[in-house]
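Biologist: I would like to learn how to read a model of this kind, feature by feature, and I would be glad if you gave me the general idea before each case. Could we begin with the structure on the screen?

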Amino acid sequence: MQVTHAELVTSAVNPSQYPPDNVFEVALAGRSNVGKSSFINKMINRKGLARTSGQPGKTQTLNFYNINHQFRFVDVPGYGYARVAKTQRASWSKMIEKYLSQRENLNIVFLLMDFRHPPTELDITMKDFIEALDIPYGIILTKSDKVKKSQWQRHLNVFKKDLELDTIDALFPFSSETGEGSEIIWEIISDAIEASQID
Ligand code: GTP
Ligand code: MG
């Protein structure tokens, strides 16, 4: 997909603030600092549209991005950020769960995990949660530029085992530095949008 238009539609913390639910949405979920905002920027080739930071906890609201007037990327705040108050963490997870489980036009969920390290307990919990939603999902393994190619298979096998997957087919190494993985992910998104228009 050639991205010619990308803009922030709105930021929301509760459903009354969501934009209308008549547009295909692709959500990016994953723990804080894993690279969700960088993923969006790389996919659309806009360096600073989604705000990124070396400090975890940068994205604190659900951010809806209009892409080509065709679909939206939804940047979901990172879970598992330890350095905010417990009460705030609880309200964040409620916000995330509500969006993921109740949004009618949520068509694809990409769960991002750091390719360099085995999945954390929270990653595994999120994967189980998302699997139970019954929405097509994929797992994007970020920062692949930091993993030597000779180690890829070993890392993929760790994710397959720890996430109890049958195959590695839903695991997509991705780098927002090099763009590695972006083509196949664009294919998945485009195919799904096309299929949704036929229904
Ligand atoms: P929150 O908004 O806090 O939930 O974080 P996020 O998941 O949006 O992460 P963000 O995109 O802000 O990236 C966090 C840090 O990781 C930044 O310093 C990025 O430059 C870095 N980063 C993200 N993706 C990659 C990648 O593919 N490769 C490398 N080398 N660094 C990356
Ligand atoms: Mg972010």
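This is a predicted model: local features need pLDDT of at least 70, side-chain atom pairs count only at pLDDT 80 or more; totals for chains, interfaces and linings use all residues.

Biologist: What follows helix 1, and what is its phi?

Modeller: Asparagine 45 comes after helix 1, and its phi is positive, near 55°. Aspartate 134, which is not a glycine, has a positive phi near 65°; aspartate 134 sits in the loop between helix 3 and strand 6 (137-142) and is exposed, at a relative accessible area of 72%. Glutamate 164, again a residue other than glycine, has a positive phi of about 55°; glutamate 164 belongs to the loop between helix 4 (149-162) and strand 7 (171-173), and its relative accessibility of 70% counts as exposed.

Biologist: What span should helix 2 have, and how far apart are its end C-alpha atoms?

Modeller: The idea is to compare an expected length with the one found in the coordinates, where the expected span is 1.5 Å times one less than the number of residues. Helix 2 runs over residues 86-102, so its 17 residues should span 24 Å, and the distance of 24 Å between its end C-alpha atoms agrees with that.

Biologist: Which residues of helix 2 are buried, and which exposed residues lie on the face turned away from them?

Modeller: One sorts the residues by accessibility and then looks down the axis. Trp92, Met95, Ile96, Tyr99 and Leu100 are the buried residues of helix 2. Viewed along the axis of helix 2, these buried residues fall within an arc of 120°, and they therefore line one face of the helix. The face turned away from that buried side carries the exposed residues Lys86, Thr87, Lys94 and Gln102.

Biologist: At what angle do helix 2 and helix 3 pack?

Modeller: A packed pair is described by the angle between the axes, their separation and the sense of the crossing. Helix 2 packs on helix 3 at about 30°, with the axes 9 Å apart. Because angles under 35 degrees count as roughly parallel, helix 2 is roughly parallel to helix 3. The crossing of helix 2 past helix 3 is right-handed, and the contact is made by Glu97, Leu100 and Ser101 of helix 2 with Met126, Phe129 and Leu133 of helix 3.

Biologist: Where does arginine 103 lie, and is it buried or exposed?

Modeller: A loop residue is read from its place, its accessibility and its contacts. Arginine 103 lies in the loop between helix 2 and strand 5, and with a relative accessible area of 10% arginine 103 is buried. When neighbours within four places in sequence are left aside, arginine 103 is in contact with Tyr18, Pro19, Pro20, Asp21, Glu25, Phe64, Arg72 and Lys98.

Biologist: What does valine 23 touch?

Modeller: Valine 23 is placed in the loop between strand 1 and strand 2, where a relative accessibility of 21% counts as partly exposed. Not counting residues up to four places away in sequence, valine 23 touches Gln70, Phe71, Arg72 and Asn105. Valine 23 and serine 196 are 173 residues apart along the chain, while their C-alpha atoms are separated by 11 Å.

Biologist: Which residues of helix 5 are buried?

Modeller: The buried residues of helix 5 (residues 182-198) are Ser182, Ile185, Trp186, Ile189 and Ile193. Looking down the axis of helix 5, one finds these buried residues within an arc of 105°, so they line one face of the helix. Glu183, Glu194 and Ile198 are the exposed residues carried on the face turned away from the buried side.

Note on methods
Residues are numbered from 1 along each chain as its sequence is written. Chains are lettered from A and ligands numbered from 1 in the order in which they are written. Side-chain values use heavy atoms; hydrogens and water are left out. Helices (H or I, at least four residues) and strands (E, at least two) are DSSP runs, numbered from the N terminus. Buried means under 20% relative accessible area, exposed over 50%, partly exposed in between (1.4 Å probe, protein chains only). The arc is that of the directions from the helix axis to the C-beta atoms. Axes are lines fitted to C-alpha atoms, for helices over the stretch in contact, and angles run from 0 to 180 degrees between N-to-C directions. Angles under 35 degrees count as roughly parallel, over 145 as roughly antiparallel, 65 to 115 as roughly perpendicular and the rest as oblique. A crossing is left-handed if the near helix is turned anticlockwise from the far one by less than a right angle, and right-handed if clockwise. Contact means heavy atoms within 4.5 Å.
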